[in-house]
Amino acid sequence: MRYLPHTNTDRQAMLHDIGVNNIADLFADIPSEFHIELGSMNLPEGLSETGIVRKFTKAAEKNRHAGNTRCFLGGGTYHHFVPAVVDYVISRGEFLTAYTPYQPEIAQGTLQALFEYQTMIARLTGMEVSNASMYEAATATAEAALMARRVTRKTRTVIAGSVNPRYRTVTENYLSRLEGDFVEVGMGKFGTDLSKVIAEIDNKTACVIVQYPDFYGSVYDLAPLREACDAHKCLMVVAFSDVSAFGLIESPGAYGADIVVGSGQALGIPMAYGGPHLGVFTCKKKYLRQMPGRVCGLTTDADGKRGFVLTLSTREQHIRREKATSNICTNQGLMCTAAATYMTLMGDAGLATIAEHSAAALDLLVSKLPSHVVAASGAHYNETVLTFESGDKRDAFIAEARKQDIFAGIPLEKFEKNIEPKHLLVATTEMIEEDDVNELIAAMEVAA
Amino acid sequence: MSENKYSATSGIQQEEPLLFEHAHEAPESINLPGVKGEVSSDLAAFKRKTPANIPGLSEPETVRHFVRLSQWNHGIETGFYPLGSCTMKYNPRVNEQIARLPGLAHVHPDQPEDSVQGMLGLLSELQGWLAEIAGFSDVTLQPAAGAHGELAGLMMIRKCLDARGEQNRKKVLVPDSAHGTNPASAALCGMYTVELKSGADGRIDLDELKKHLDDDVAALMMTNPNTAGTFETDIKEICQLVHDAGGLVYGDGANLNALVGVARPGDMGLDCLHINVHKTFSTPHGGGGPGAGPVAVNDTLKPFLPVPRIVENDGVFSIETEDEQSIGTILSTLGQSGVYMRANAYISAFGHNHIHQIAQDAVLNANYVLSKLKSVYHVPFEGLCKHECLLTDEWQNKHGVKTLDIAKRLIDLGFHPMTVYFPLIVHGAMLIEPTETESKETLDSFCDAMLEIAAQCEAGDTQALHDAPLKPIRRRLDETQAARKPVLVWEG
Amino acid sequence: MSVPTDLKFTKEHEWVRIEGDTATFGISDHAQEALGDIVFVELPEVGRSIDAGEAYGVVESVKAVSDTYAPVAGEVIEINEALESEADLVNSDPYGVGWIIKVKISDNNAETELMNPEEYTEFLDE
Ligand SMILES: Cc1ncc(COP(=O)(O)O)c(C=O)c1O
């Protein structure tokens, strides 16, 4: 077996040194009734490296993907540009095959990259501090709700119905075993009506969670929410699905958000059928001690040189155990390195261009819609809801687009039960060219 | 200098500033794809008033910056990494290659099912294999890491007890040797924990367990082999006792590497088990993650598995999103698919004919290291170990040397230290997990280093241990300063 | 370290100085020593009323955390704000500037077992 260095001679010599006769003796402490017959597992025969490549190539060929289609799918995952350099950096064995930086002297590379990530993601979201990642956006949202309970010592959570339904479901699920109300505020439109959200806030409320741009891609003024939160001493939590937006639009931090959470997948991380992605978690510095997850901090070494360590560990499970701020241990560290590399390559200018192109593609699409298809009104970033005359018409369009190798969008009922099946969530990124939009529109006309 | 025996040298190590400190202005705009046009006036009203202040470097500078940083790291590709409880084994390169195939890497999670049959097939296949290897009836791939798996498992246990009308059961028994995520997950699940004091042999003490079994018990969380690296030989009786008391048994599968292909936790009476695929199934740990924490369950817990789930009908895969009894959803997507591609490839390479060699060589290596070191380091729990061995610094203490010094000295000799100060049940713990992908030559070299350190202690020649490490780009870092005045972002 | 004679101690290694109806709390020299370099002290809000034996705050070092328990019941009237930026005062002067909070002792204070400095030293020796 090519991953195992020992020869049988090595094994014999080692057994001899240990003082046992054979390998089985090393397992004598496991009651014999639990020993299974070696080789009896219901698995196929081991494959050579070539065999593995063939197997996966064959499986991969059965899938359609963003490289051989045009992808207008969003809903939390987006087909953005993944620079070759990002993949190169995270393929380097020193980053890829290291564990969590428990021995900082020989993990300064990971640690400095984390520190740079924390700095840049805090700046992009307009916040003071960041942790070193959560699993992904939905669990990050749930962790924000839990943190707000600790900070405020209150237990009621209010969440807007325009937050990605998956973040809502996961958050509700995390909170459902704990005391306290979970209030979802229906919006009655494909957008966010802050007045409805604000009307639900009371003095028992620990936090209000909204999404910006919201699940439907709509962008709106968050300022009234800050006032309402101040009036009731509750935390303002802002979620997002596509962090590229903040290359262009005002950051949640600029509106005074207390905690900002969401997906950093847009920062050079492939869609990979749902993961690994990057859960972003940033907040105000005053709440630092209640923050979940690992953080990297600056310090000096014995010679007085600048260096980095994981810090504030007393919040975490390995020290605080049942009183920890979260149970998270392994996080998405490598994805922070990817995001740091990506942001370094882009800079402010590149991030702005990516966002402008993503938004411009949607504008173009909406401007060309035939009269039988209606887009949600108001300011949108790179995602919106299209409404068709009927479900059949919509499905005919999806099918026509598929013939042209276009994934036209996600039927909204996939996210929201009990909704009429005639709506389509469409997203654009800088990977969509003008021709792609034209072909999508052409498919709409053919299917009309 | 004895150091020449070991791999560590001090070659050129480049200093590298923070990227924010590179002096020059950001380069001209880069050529990016997409629709070039003005954004709508609706959206323009929301434009950022000030840029985020992300400096940006040119492509060659970016590459050099991160390559230099990478060179300050020690990874499993660089050298031995015997971090106990973490199973740092070689991460096959072909797994990286296949995970990057466009048909696997650039697939959107909401593509229509008929366009992802290859992906669903690989995931479903892995699900079946994990159930087989762990000895359970089914598996969920949704949990994103071990701790997330603990939460999923406990949620299923909660739901199962609720279904039995036993909402009052909220006590979770956790041995004092358990990993911190165990009690933290129990708390997150709305339950409270009671710590079980380990017996004199480091194992679960049956009398102590019995003392705490009553009508409040929801579950016992146990790790087998335990975090001291020894097998819980009473496992059958332990599970029986908990079941008789009306509770369920949660298995922390972080140490599954000791059993792969040789014995199956599901056969021993556990109700569920999380699997850290970033440990046992070789997916790279990435300097902190990502991992994945699939949970295997028996028939008792199967009805409560999370959704969405992959189901197969006549070779066609589809995704089930609703189920009355399910605990619901704990992640935005089906799971960390990219990680699972690599795990599938790892198991594919071994197959039924080689899979048991994982546990065999892992256990052989740990016992070999133990046999070489036990005469000079204190072994708190006598006997065979499984895939990792536990030592302490008791004998070095009398020379003023602590576990931390030994760990830091190993760095100067070219090795990543073992896990230190865990488990908490012994003073000055050193938990060594060599894994199956290390050669005898590497193990011998590491043991020589450990013997040499012990000899230096005996000889009172301990200065090098207190000063260590001297060779890496940084020496011991001041953790107190970092925690007293936290600086988590660059303010320059 | 010399222990001021007007202090009383608890088994949780807290000290208390009672002056009229006010009591000042802190942690003992032994406790700060055992914790190591203290990096953070979590302080309660002024106005909060705490029972004897209740956890009113947290003292943290890099790798350890310890709740602080009230030796007597009362209402918090002052917190040592200096600890917010200089937690290490608890290390350097646990019985002086490293005090943690002051409370107004409540009337219905149940007698708790407090030790004088000699008794506490004996307790530590056990
Ligand atoms: C024994 C044990 N249990 C649980 C965990 C948690 O797993 P993860 O880090 O994947 O969340 C770990 C890993 O660090 C562990 O060693």
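## Two domains in chain B

In this predicted model, 24 residues of domain 1 of chain B are in contact with 19 residues of domain 2 of chain B. Domain 1 covers residues 107–354, and domain 2 covers residues 357–479. Their centres, taken over C-alpha atoms, are 30 Å apart.

The two domains of chain B bury about 1,800 Å² between them. Carbon and sulfur atoms carry 62% of that area.

## An enclosed helix: H13 of chain B

Helix H13 of chain B runs over residues 403–413. Is this helix enclosed or open? Of its 11 residues, 10 are buried, so H13 is largely enclosed by the rest of the structure. The buried set is made up of B:Thr403, B:Asp405, B:Ile406, B:Ala407, B:Lys408, B:Arg409, B:Leu410, B:Ile411, B:Asp412 and B:Leu413. Charged side chains are part of that set, including those of B:Lys408 and B:Arg409.

What covers these residues? The cover includes three helices of chain B, namely H12 (394–397), H14 (440–458) and H15 (463–467). Strands E11 (419–420) and E12 (429–432) of chain B are also part of the cover. After H13 of chain B comes B:Gly414. The phi of B:Gly414 is positive, near 105°.

## A buried glutamine: B:Gln127

B:Gln127 sits in helix H5 of chain B, which spans residues 117–134. Its relative accessibility is 11%. The cut-off for a buried residue is under 20%, so B:Gln127 counts as buried.

## Chain A on its own

Chain A has 448 residues, and 68% of them count as buried. Its secondary structure comprises 14 helices and 15 strands. The C-alpha trace of chain A spans about 80 × 55 × 50 Å along its principal axes. Among contacts in chain A with a separation of 6 or more, 72% join residues 24 or more positions apart.

The accessible surface of chain A is about 14,000 Å². Carbon and sulfur atoms hold 48% of that surface. Chain A carries 42 positive and 53 negative side chains. The centres of these two sets lie 5 Å apart.

## Where chain B meets chain A

How many residues take part in this contact? Chain B gives 202 residues and chain A gives 189 residues. The two chains bury about 16,900 Å² between them, with 63% of it on carbon and sulfur atoms. B:Val35, B:Ile54 and B:Leu488 supply 5% of the area that chain B buries against chain A.

## Where chain A meets chain C

Here seven residues of chain A are in contact with 11 residues of chain C. About 670 Å² is buried between chain A and chain C, and carbon and sulfur atoms give 45% of it. A:Arg289, A:Thr314 and A:Arg320 supply 61% of the area that chain A buries against chain C. That is more than any other three residues supply.

## A position in chain C: C:Ala82

C:Ala82 lies in helix H2 of chain C, residues 82–85. Its relative accessible area is 31%. Partly exposed means between the buried limit of 20% and the exposed limit of 50%, so C:Ala82 is partly exposed.

C:Ala82 and C:Leu124 are 42 residues apart in sequence. In space they are 29 Å apart, C-alpha to C-alpha.

Key
Residues numbered from 1 in each chain as written. Chains lettered and ligands numbered in written order. Predicted model: local features only at pLDDT ≥ 70, side-chain atom pairs only at ≥ 80, totals over all residues. Heavy atoms only, no water. Helix = DSSP H or I, 4+ residues; strand = E, 2+ residues; numbered from the N terminus. Buried < 20%, exposed > 50% of the residue type's maximum accessible area, 1.4 Å probe, protein only. Contact = heavy atoms within 4.5 Å. Areas by Shrake-Rupley, 256 points an atom, 1.4 Å probe, with all protein chains shown as cover. Charge placed at Lys NZ, Arg CZ, Asp CG, Glu CD. Domains from an automatic or database assignment. Buried area = accessible area lost by both parts, 1.4 Å probe.
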